[in-house]
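Take a moment with the sequence and the fold before reading on. The paragraphs below go through them step by step.

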Amino acid sequence: MKEKIISEINLDLVFKFNEFSQFSNNLKDSKNKLIFESIFWEKVFLSWTKIILKKDDYKLPNFIFEKKSFSLGLQIISNQEIAFMNQKWMQKNGPTDVLSFPIISDESLNNLDHIELGDIFISLEMALEQSHEYKNSIYKEMLWLASHGFLHLFGWEHKNNLDLENMLNFQEYLIKQLD
């Protein structure tokens, strides 16, 4: 992959989460508690944005690579809330782990200095279930789900198995860059 040199990037994050005291036993570890800190997610998304912007071989709209300021929303919600959203916006029954609603597909955004990427919603309950199923910490599972939603905000899609495999591999790459 060819890399570009990028200048300073700004990222604005709107972060919200519900009160999840019923899961406090699963979140005792200090690393797991990071998932409820806005500054943690700002650093994560800023790091991932810089990684994406350094590469010029992605199939993303070209105008994205020229931007210096991005914003997005992240909400950690319940199964009930994500199930409602899944039904309303995706016409699918039941809860899911992550939903993302990208905005950048609109070409009229290419003249703006600042890009609103969109919003990511993660079900903490699904993340906890999957962390047990895949033998991950909740910290790792939340990074996995956030990276998936984040790539969708940048326009990444997986319409076939090869696209999905490429996306999953890139998610692993992004997460490893945080260590």
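Does Phe170 count as buried or exposed? Its relative accessibility is 5%, so Phe170 counts as buried. Here buried means under 20% relative accessible area, exposed means over 50%, and partly exposed is in between (1.4 Å probe, protein chains only).

A word on the source comes next. This is a predicted model, in which local features need pLDDT of at least 70 and side-chain atom pairs count only at pLDDT 80 or more, while totals for chains, interfaces and linings use all residues. Residues are numbered from 1 along each chain as its sequence is written, and side-chain values use heavy atoms, with hydrogens and water left out.

Start with the overall plan. The chain has 6 helices and 4 strands. Helices (H or I, at least four residues) and strands (E, at least two) are DSSP runs, numbered from the N terminus. Read from that end, the order of elements is β-α-α-β-α-β-β-α-α-α. The chain has 179 residues, and 45% of them count as buried. Now look at contacts, meaning heavy atoms within 4.5 Å. Among those between residues at least 6 apart in sequence, 70% join residues at least 24 apart.

Next, go inside. In soluble globular proteins, nonpolar side chains tend to be buried together. A nonpolar core is a set of buried Ala, Val, Leu, Ile, Met, Phe, Trp, Tyr and Cys residues joined through side-chain atoms within 4.5 Å. The largest one here has 46 residues, and Trp41, Phe45, Trp48 and Leu124 have the most contacts inside it. Several elements each supply at least two of its residues, including strand S1 (10–17), helix H2 (38–54) and strand S4 (114–123). Helix H5 gives the largest share, 9 residues. Apart from this core lies another, of 5 residues, among them Ile77, Met85, Leu99 and Phe121.

Which residues does Leu124 contact, leaving aside its neighbours within four places in sequence? They are Phe20, Phe23, Leu27, Ile35, Phe36, Ile76, Ile77, Ile138 and Met142.

Now pick out the rings. A search of the whole structure finds 15 aromatic pairs. Rings of Phe, Tyr and Trp (its six-membered ring) pair if their centres lie within 6.5 Å; planes under 30 degrees apart count as stacked, over 60 as edge-to-face and the rest as tilted. Trp41 and Phe45 make a stacked pair, 5.7 Å centre to centre with 25° between the planes. They are 4 residues apart in helix H2, so about one helical turn separates them. Both Trp41 and Phe45 are buried. Phe170 returns here with Tyr173: their ring centres are 5.7 Å apart and their planes are at 25°, so this pair is stacked. Phe170 and Tyr173 lie 3 residues apart in helix H6, about one turn of the helix. Tyr173 is partly exposed, at 30% relative accessible area. One aromatic cluster is formed by Phe40, Trp41, Phe45, Trp48, Phe70, Tyr139, Phe150 and Phe154.

Stay in helix H6 for Gln171. Its relative accessibility is 0%, so Gln171 counts as buried. Beyond four places in sequence, Gln171 is in contact with Trp144, Ser147, His148 and Leu151.

His152 lies in helix H5. At 17% relative accessibility, His152 counts as buried. Its side chain joins that of His148 in a polar contact of 3.1 Å. Such a contact is a pair of N or O atoms within 3.5 Å; within protein, one must be able to donate a hydrogen and the other to accept it, and residues adjacent in sequence count only if both atoms are side-chain atoms. Not counting residues up to four places away, His152 touches Ser100, Pro102, Glu157, His158 and Met167.

Finish with charges. Side chains of opposite charge can pair when their charged atoms come close. A salt bridge is a side-chain nitrogen of Lys or Arg within 4 Å of a carboxyl oxygen of Asp or Glu. The count is 2 salt bridges. Asp179 forms one with Lys140, with the closest N and O atoms 3.9 Å apart. This pair links distant parts of the chain, 39 residues apart: Asp179 is in the segment after H6, and Lys140 is in helix H5. Asp179 is exposed, at 69% relative accessibility. Lys140 is partly exposed, at 33%. Glu157 and Lys159 also meet in a salt bridge, 3.3 Å from N to O.
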